[in-house]
Amino acid sequence: MNWTLGLPFVRTSPDHGTAYDLAGQDRARPDSMEAALRLAERLARRRLGGGSAAAQLTDGSSGESASRV
């Protein structure tokens, strides 16, 4: 998944992009999108609670990784 820093809002996206090549083939899996949504929720909650989201993500609580774009 991708995580964009430096914006005034939380932005995450699946690592596969739009996946148009998989559309209509019953092969797409929701895993990356679900992970992007979970990360967005975590970042938003931490943003509302204050503190550095990047520092707090290193707690290892979910085992997910994020690439910073």
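## Basis and Overall Organisation

Helices and strands are here DSSP runs numbered from the N terminus, a helix having at least four residues and a strand at least two. The model is predicted. Its chain contains two helices and three strands, arranged along the sequence in the pattern β-β-α-α-β.

Of the 69 residues in the chain, 25% count as buried. The accessible surface of the chain comes to about 4,900 Å², and carbon and sulfur atoms account for 54% of that area. Among contacts with a separation of 6 or more, 55% join residues 24 or more positions apart.

## Confidence

The average pLDDT of the chain is 77, and 71% of the residues score at least 70. Confidence is highest in helix 1, at 92, and lowest in strand 3 (residues 67-68), where the mean is 46. Over residues 58-69 the pLDDT is below 50, although this stretch has 22 contacts in the model beyond near neighbours in sequence.

## Helix 1

Helix 1 comprises 19 residues, which at 1.5 Å a residue should span 27 Å; the end C-alpha atoms are 27 Å apart, in agreement with that expectation. The expected span is 1.5 Å times one less than the number of residues.

The buried residues of helix 1 are Ser32, Ala35, Ala36, Leu39, Ala40, Arg42, Leu43 and Arg46. Viewed down the helix axis, the buried residues fall within an arc of 165°, and therefore line one face of helix 1. An α-helix has 3.6 residues a turn, so residues three or four places apart point the same way. On the other side of helix 1, Leu37, Arg45, Leu48 and Gly49 are exposed.

## Nonpolar Core

The largest nonpolar core consists of six residues, namely Met1, Trp3, Ala35, Ala36, Leu39 and Leu43. Helix 1 gives the most to this core, supplying four residues.

Ala36 belongs to this core and is also buried within helix 1. Leaving aside residues up to four places away in sequence, Ala36 touches Met1, Thr12, Ser13 and Pro14.

## Backbone at Asp26

Asp26 lies in the loop between strand 2 (12-13) and helix 1 (31-49). Its phi is near 55°, a positive value in a residue other than glycine. Most residues other than glycine have a negative phi. Asp26 has a relative accessible area of 80%; the cut-off for exposure is over 50%, so Asp26 is classed as exposed.

How values were computed. Residues numbered from 1 in each chain as written. Predicted model: local features only at pLDDT ≥ 70, side-chain atom pairs only at ≥ 80, totals over all residues. Heavy atoms only, no water. Buried < 20%, exposed > 50% of the residue type's maximum accessible area, 1.4 Å probe, protein only. Core = buried A, V, L, I, M, F, W, Y, C linked by side-chain atoms within 4.5 Å. Contact = heavy atoms within 4.5 Å. Arc of directions from axis to C-beta. pLDDT = per-residue confidence, 0-100. Areas by Shrake-Rupley, 256 points an atom, 1.4 Å probe, with all protein chains shown as cover.
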